[in-house]
Amino acid sequence: MFNQVTYSLNSREVADATNEWLEKRGVSKTSIAQLVHFLQKDYYPELTLDDCINHVESVLSKREVQNAVLTGIQLDLLAEEGKLMAPLQEMVRNDESLYGCDEILALSIVNVYGSIGFTNFGYIDKLKPGILKKLNDKNDGQIHTFLDDIVGAIAASAASRLAHRKQASREEEATRLKE
């Protein structure tokens, strides 16, 4: 009889690796939270950076998000090392405009948070404010073809989560006032 060892990876290890690799690639939770604030400040003037950080942390706590982050960073690193096969190597190194796999991976994150996340992602991906501008810079020797979209997706998802929570809070308050 075949003796198969059951695969099991500790979720805390995956979460820790995600946070570690984001930091190694120059992305802090605060820099992502600043993007969330950028997206939501006009709708919620009382919004604080700490509120935004909490939503970023909630998004990053999801395993699907962690998987996308680790996969995207790995592909960027392999491209930096020249270890992808041609023509994929050139497409990723140059962030080829017709290569959309980077956006597709990022959309797997946004998909968890609904349609408002999609619109936020498109908006922030076009403008590239804050950390996204730095990640999109092609002159620093690093490749962030996947990471810039992933960071934008995390911010868009956190902004969506925030908006949904604010709406739920308003509805609860309205119900309470009617009673």
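D95 counts as buried, at 19% relative accessibility, where buried means under 20% relative accessible area, exposed over 50% and partly exposed in between (1.4 Å probe, protein chains only). This residue is found in the loop between α5 and α6, and its phi is near 50°, a positive value in a residue other than glycine. The model is a predicted one, in which local features need pLDDT of at least 70 and side-chain atom pairs count only at pLDDT 80 or more, while totals for chains, interfaces and linings use all residues. Residues are numbered from 1 along each chain as its sequence is written, and side-chain values use heavy atoms, with hydrogens and water left out.

**Overall architecture**

- The protein chain has nine helices and zero strands, these elements being DSSP runs numbered from the N terminus (H or I of at least four residues for helices, E of at least two for strands).
- Taken along the principal axes, the C-alpha atoms of the protein chain fill a box of roughly 65 × 55 × 25 Å, and buried residues make up 40% of the 179 residues.
- The UniProt record, an unreviewed entry, places the feature "domain: YutG/PgpA" at residues 30–164; UniProt positions are given in the numbering used here, feature names are shortened, and annotations may be inferred rather than shown by experiment.
- The span of residues 30–164 is 70% helix and 0% strand, and its end C-alpha atoms lie 21 Å apart.

**Helix packing**

- Two packed helices are described by the angle between their axes and the distance between the axes.
- The axes of helix α4 (residues 63–80) and α6 come within 9 Å and cross at roughly 160°, the axes being lines fitted to C-alpha atoms, for helices over the stretch in contact, with angles running from 0 to 180 degrees between N-to-C directions.
- Helices α4 and α6 are therefore roughly antiparallel to each other, given that angles under 35 degrees count as roughly parallel, over 145 as roughly antiparallel, 65 to 115 as roughly perpendicular and the rest as oblique.
- The crossing in which α4 passes α6 is left-handed, a term that applies if the near helix is turned anticlockwise from the far one by less than a right angle, whereas clockwise gives right-handed.
- For α2 and α9, the axes come within 8 Å and cross at roughly 50°, which makes α2 oblique to α9, and the crossing of these two helices is right-handed.

**Aromatic pairs and a charge over a ring**

- Two aromatic pairs are found in a search of the whole structure; rings of Phe, Tyr and Trp (its six-membered ring) pair if their centres lie within 6.5 Å, and planes under 30 degrees apart count as stacked, over 60 as edge-to-face and the rest as tilted.
- One of these pairs joins F38 and Y123 in a stacked arrangement, at 6.2 Å centre to centre and with 15° between the planes.
- Because F38 lies in helix α2 (residues 29–40) and Y123 in helix α7 (residues 115–127), this pair ties together parts that are 85 residues apart in sequence.
- Y99 sits in the loop between α5 (88–93) and α6 (101–110) and F146 in the loop between α8 (131–136) and α9 (147–178), so that the pair links distant parts of the chain, 47 residues apart.
- Y99 counts as buried at 12% relative accessibility, and F146 is buried as well, with a relative accessible area of 3%.
- K24 lies over the face of W21, at 4.2 Å from the ring centre; a charge sits over a ring if NZ of Lys or CZ of Arg is within 6 Å of the ring centre and within 35 degrees of the ring normal.

**Backbone features and a loop residue**

- Most residues other than glycine have a negative phi, and most peptide bonds are trans.
- K128, in the loop between α7 and α8, has a positive phi near 50° and is buried, with a relative accessible area of 18%.
- The peptide bond from A86 to P87 is cis, with omega near 0°, and P87 lies in the loop between α4 and α5.
- D140, found in the loop between α8 and α9, counts as partly exposed at 36% relative accessibility.
- D140 and V59 are 81 residues apart in sequence and, C-alpha to C-alpha, 28 Å apart in space.
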